Amino acid sequence: QVQLVESGGGLVQAGGSLRLSCAASGRTFGMYTMGWFRQAPGKEREFVTSINRSGGSTYYADSVKGRFTISRDNAKNTVYLQMNSLKPEDTALYYCTASGLGTPIRRPDYWGQGTQVTVSS
């Protein structure tokens, strides 16, 4: 069992930056592929980014490529999402996820409660 707690959301102006953090419980953090999803009001939840267990491989949705960066610190059981050049369309509830070995990245095993990001124009 993995518990995920996100933090770092808030209100920011367009063009600004935010860094989200996700702290994971347990001693097996390094065994999970970590990711971020988001859900905007009235829209379906969508994949944003993921990072493999070692941190050596990352994937991004086209909509955030070049603006967002995912990273992880396995010693701190934490994954980060640095978001730059934010746009109003990035406004959403952002969820941290964890996927075990063999689990499809886009269907993670565990979800956090989410942290709200609001970008004003």
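This is a predicted model: local features need pLDDT of at least 70, side-chain atom pairs count only at pLDDT 80 or more; totals for chains, interfaces and linings use all residues.

Author: Residues are numbered from 1 along each chain as its sequence is written, and side-chain values use heavy atoms, with hydrogens and water left out.

Reader: How many aromatic pairs are there?
Author: A pair of aromatic rings is described by the distance of the centres and the angle of the planes. Here rings of Phe, Tyr and Trp (its six-membered ring) pair if their centres lie within 6.5 Å; planes under 30 degrees apart are stacked, over 60 edge-to-face, and the rest tilted. That rule gives four aromatic pairs. One of them is Tyr 95 with Trp 111, edge-to-face at 6.0 Å centre to centre and 80° between the planes. This pair links distant parts of the chain, 16 residues apart: Tyr 95 is in strand S9 (residues 92–99) and Trp 111 in strand S10 (residues 110–111). Strands are DSSP runs (E, at least two residues), numbered from the N terminus.

Reader: Which residues form the aromatic cluster?
Author: Phe 37, Phe 47, Tyr 95 and Trp 111. For accessibility, buried means under 20% relative accessible area, exposed over 50%, and partly exposed in between (1.4 Å probe, protein chains only). Tyr 95 has 12%, so it is buried, and Trp 111 has 30%, so it counts as partly exposed.

Reader: Where does the charged end of Arg 45 sit?
Author: Over the ring of Trp 111, 3.9 Å from its centre. The criterion is NZ of Lys or CZ of Arg within 6 Å of the ring centre and within 35 degrees of the ring normal. Arg 72 likewise has its charged end over the ring of Phe 29, 4.5 Å from the centre.

Reader: And how many salt bridges are there?
Author: Side chains of opposite charge can pair when their charged atoms come close. A salt bridge here is a side-chain nitrogen of Lys or Arg within 4 Å of a carboxyl oxygen of Asp or Glu. The count comes to four. Among them, Arg 38 meets Asp 90 with the closest N and O atoms 2.9 Å apart. That pair spans 52 residues, from strand S4 (residues 33–39) to the loop between strand S8 (78–83) and S9. Arg 67 forms a salt bridge with Asp 90 too, at 2.7 Å between the closest N and O atoms. Arg 67 counts as buried at 11% relative accessibility, and Asp 90 as buried at 0%. Shared partners join Arg 38, Glu 46, Arg 67 and Asp 90 into one network of salt bridges.

Reader: How many residues does the largest nonpolar core have?
Author: A nonpolar core is a set of buried Ala, Val, Leu, Ile, Met, Phe, Trp, Tyr and Cys residues joined through side-chain atoms within 4.5 Å. The largest has 29 residues, and those with the most contacts inside it are Leu 4, Met 34, Trp 36, Val 79, Met 83 and Tyr 94.

Definitions and conventions: Helices (H or I, at least four residues) and strands (E, at least two) are DSSP runs, numbered from the N terminus.
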